[in-house]
Amino acid sequence: MAGVTIRQVSKHFGPVRVLDGLDLAIEDGEFVVLVGPSGCGKTTLLRMIAGLESVSGGEIRIGERDVTWVAPKDRDIAMVFQSYALYPHMTAAENMSFGLKLNKTPKAEIEARVAEAARMLKIEHLLARKPRELSGGQRQRVAMGRAIVRRPALYLFDEPLSNLDAQLRTSMRTEIKRMHLAEKKTVVYVTHDQIEALTLADRIVAMNKGDIQQIGTPDDLYRRPASVFVASFIGSPAMSFLRGTLTAPGAVALEGVDTPLLLPPSWAGIAAAPGTPVLLGLRPEAFVYAPGSAGRYGLDVQVNVVEPCGAEVYVVGEVAGQEVTLRCAPGNVPPLGTTTRVAIDLDGIHLFDAASERSLRP
């Protein structure tokens, strides 16, 4: 069993508080992604789990063991870094087997483990090559193979795809997911890329400024974000926000918009008093520019930019001077430079308290 329990963990560098009293429980076999902008503390937390960074306070457990002060080599972990960290004078097979040789693993077992990992990662034909003879994606596969052959209780990934181009990142995401499905081991994965978080995670831990903003499934964070930060960080393009005020029960007066927005029944019992400044959040798909949308609540959108993206088109515009992004189908796009009426899918709206930036969802 290799779940991870983090209890009141903090990290200070002198007077600077990087992490302060974090609690997190990761289940055995779970794939958890720590996501957030640069400087949010996600890599520091990962390094503390690995034992590469000491804690200033709190406790870290792997399985039933308290490993807070245990050396990295004794934690039964394997780590894959952003830099591949391969020995340039060794072949791929030698890089993968080096740790096992240091542990005096029998030669036959080493060969079997390397062959098994190579098959899993589809690099059997690369085992005799040295790192300089490999592409970036191939080097990252070798680095993953080096971790797999150790058969650890816990895998730690520190932004492993950051140095790869877009096409390689997509294929490597698939390889990592395939590895997790095959191994069924616990994975803690750090990234600033929300697409990686959404596609890989069983659960996402969204972090900002050393705090955990929300923990949940990818669907939870996308459809029920707990804060403006989570709503804007998760999802691409980002959620649009319009300023407004909560008025009579069940209505929002939007800044610069004549017609009040009437909240759907799902927002009954909202925990905010009339007069509360709010932010209305709208994902690109919440805007409906299509025939048959007449009679629905709509907004006048000034169309400033049209961005074709193959199967969909994104339109960047303004509502009362506030920027919004719409998703449209190819061939059904509002004309550039016009002001066009666009309907709103009320089931897709989000409301946040403008002061605290926390969700007001009942």
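Helices (H or I, at least four residues) and strands (E, at least two) are DSSP runs, numbered from the N terminus. The views below show a predicted model, in which local features need pLDDT of at least 70, side-chain atom pairs count only at pLDDT 80 or more, and totals for chains, interfaces and linings use all residues. Residues are numbered from 1 along each chain as its sequence is written, and side-chain values use heavy atoms, with hydrogens and water left out.

**Figure 1. The protein chain as a whole.** The secondary structure of the chain comes to eight helices and 20 strands. Its C-alpha atoms fill a box of roughly 75 × 45 × 35 Å, taken along the principal axes. Of the 362 residues, 49% count as buried (buried means under 20% relative accessible area, exposed over 50%, partly exposed in between, with a 1.4 Å probe and protein chains only). Among contacts (heavy atoms within 4.5 Å) between residues at least 6 apart in sequence, 67% join residues at least 24 apart.

**Figure 2. The second largest pocket.** On a 1 Å grid over the protein atoms alone, a pocket is an open set of points where a 1.4 Å probe fits, with protein on both sides within 12 Å along at least five of seven lines; lining residues have an atom within 4 Å of a point. Helix H7 (218-223) and strand S20 each supply at least two residues of the lining of this pocket. The lining includes Tyr222, Arg283, Asp345, His350 and Arg361. By class, the lining has three nonpolar, two polar and six charged residues (Ala, Val, Leu, Ile, Met, Phe, Trp, Tyr, Cys and Pro count as nonpolar, Asp, Glu, Lys and Arg as charged, and the others, Gly among them, as polar). The pocket holds about 160 Å³ of space, a volume being the space filled by probe spheres set on the grid points, which are joined across faces, edges and corners. The charged end of Arg283 sits over the ring of Tyr222, 4.0 Å from its centre (for a charge over a ring, NZ of Lys or CZ of Arg is within 6 Å of the ring centre and within 35 degrees of the ring normal).

**Figure 3. The largest pocket.** This pocket has a volume of about 600 Å³. Its lining counts 21 residues, of which Ile77, Met79, Gly99, Arg146 and Arg150 lie nearest the centre. Strand S6 (77-80), helix H2 (92-102) and helix H4 (136-148) each supply at least two lining residues. H2 gives the largest share, six residues. The classes are 15 nonpolar, three polar and three charged residues.

**Figure 4. Aromatic pairs.** Six such pairs are found in a search of the whole structure (rings of Phe, Tyr and Trp, with its six-membered ring, pair if their centres lie within 6.5 Å; planes under 30 degrees apart count as stacked, over 60 as edge-to-face and the rest as tilted). The pair of Tyr155 and Phe157 is tilted, because the ring centres are 6.4 Å apart and the planes stand at 35°. Tyr155 is buried, at a relative accessible area of 1%, and Phe157 is buried at 1%. Phe241 and Phe352 form an edge-to-face pair, 5.9 Å centre to centre with 65° between the planes. Phe241 lies in strand S11 (residues 240-246) and Phe352 in strand S20 (residues 349-353), so this pair ties together parts that are 111 residues apart in sequence. Both Phe241 and Phe352 are buried.

**Figure 5. The ring cluster.** Ring pairs link Phe31, Tyr155, Phe157 and Tyr189 into a cluster. Lys177 lies over the face of Phe31, 5.6 Å from the ring centre.
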